[in-house]
Amino acid sequence: MLRWTRAWSLPLRGLGPCCLSSSRVPVAPSSSGRSGVEPRSVLLSYKLLDGEATRPALVFLHGLFGSKTNFNSIAKALAHQTGRRPELVERLIAVDISPVETTPSSSFPSYMAAMRAVDIPDEVPRSSARKLADEQLSTVIQDMAERQFLLTNLVEVDGRFVWRVNLEALAQHVDKILAFPPRPESYPGPTLFLLGGNSQYVRPSHHAEIRRLFPQAQMQTVPNAGHWIHADCPQDFVAAIRGFLA
């Protein structure tokens, strides 16, 4: 997101306890600093990037393994190049995702299983920890760019390396996360569906539902990009968004 205005702490009601023992590299402890198996709050932090107050909003919502850190350079570039800041929302950009259930085409379950299996000894240097994690993830995830993106979630807390994302909650509810609820109403505003040329997340069979829910939708494909277009082809990503907003 281009403008982050306040911090929220949302309890994971209904998600059940996070059993750290089932993950060799645990998830980060709760914001209260208490350790153990209690559900931890999800902190949504917001960062302000200046733009022209008279321009409409440009808002980014990232995926399961994303964070504001992943989008920092892209957000800054777009804020600078478009002069937009979030005050009002006028249009929508969906990046390589469909308004349908994505479970059959998603690699997230295997990613989460691989991340939970990573084993890193305590008190190792950060460079060694990342190398160990990368080597272990490579047995399941062959694409180096995808591994490097996932490794942005590996953080050091009190001499131990932990996963920033709550893998236990995500793994327990991944089917619900990847589902899309039926919606009779549509969004009438201008909409861009930006697709990765090497991704299977948006398929031709999805187009009819996209057109129903987003009557003004246009689709654009970024060649040689996978699901994480902003990471694979950042310049093409920014150019496509600038073109849509022009």
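Asp 158 is exposed, with a relative accessible area of 75%, where exposed stands for over 50%, buried for under 20% and partly exposed for values in between, computed with a 1.4 Å probe and protein chains only. The model described here is predicted, so that local features need a pLDDT of at least 70 and side-chain atom pairs count only at pLDDT 80 or more, while totals for chains, interfaces and linings use all residues. Residues are numbered from 1 along each chain as its sequence is written, and side-chain values rest on heavy atoms, with hydrogens and water left out.

Asp 158 belongs to the loop between β4 and β5, and its phi is near 55°, a positive value in a residue other than glycine. Most residues other than glycine have a negative phi. Glu 123, in the loop between α2 and α3, is also not a glycine and has a positive phi of about 60°; with 65% relative accessibility, Glu 123 counts as exposed.

The chain as a whole contains nine helices and seven strands, taken as DSSP runs numbered from the N terminus, with at least four residues (H or I) for a helix and at least two (E) for a strand. Of its 246 residues, 41% are buried. Among contacts between residues at least 6 apart in sequence, 79% join residues at least 24 apart, a contact being heavy atoms within 4.5 Å.

Helix α3, residues 126-137, has twelve residues and reaches 16 Å from its first C-alpha to its last, close to the 16 Å expected at 1.5 Å a residue, the expected span being 1.5 Å times one less than the number of residues. Within α3, the residues Ala 129, Ala 133, Asp 134 and Leu 137 are buried. They lie on the same side of α3 because they cover an arc of only 130° around the axis, as given by the directions from the helix axis to the C-beta atoms. The face turned away from that buried side carries the exposed residues Ser 127 and Lys 131, whereas the cover over the buried residues includes α2 (108-117), α4 (144-151), β4 (154-157) and β5 (160-163).

The whole structure holds six aromatic pairs, in which rings of Phe, Tyr and Trp (its six-membered ring) have centres within 6.5 Å, with planes under 30 degrees apart called stacked, over 60 edge-to-face and the rest tilted. Phe 149 and Trp 228 form a tilted pair, 4.3 Å centre to centre and with 35° between the planes. Phe 149 lies in α4 and Trp 228 in the loop between β7 (217-222) and α8 (229-232), so the pair ties together parts that are 79 residues apart in sequence. Phe 149 is buried at 8% relative accessible area, and Trp 228 counts as buried at 13%.
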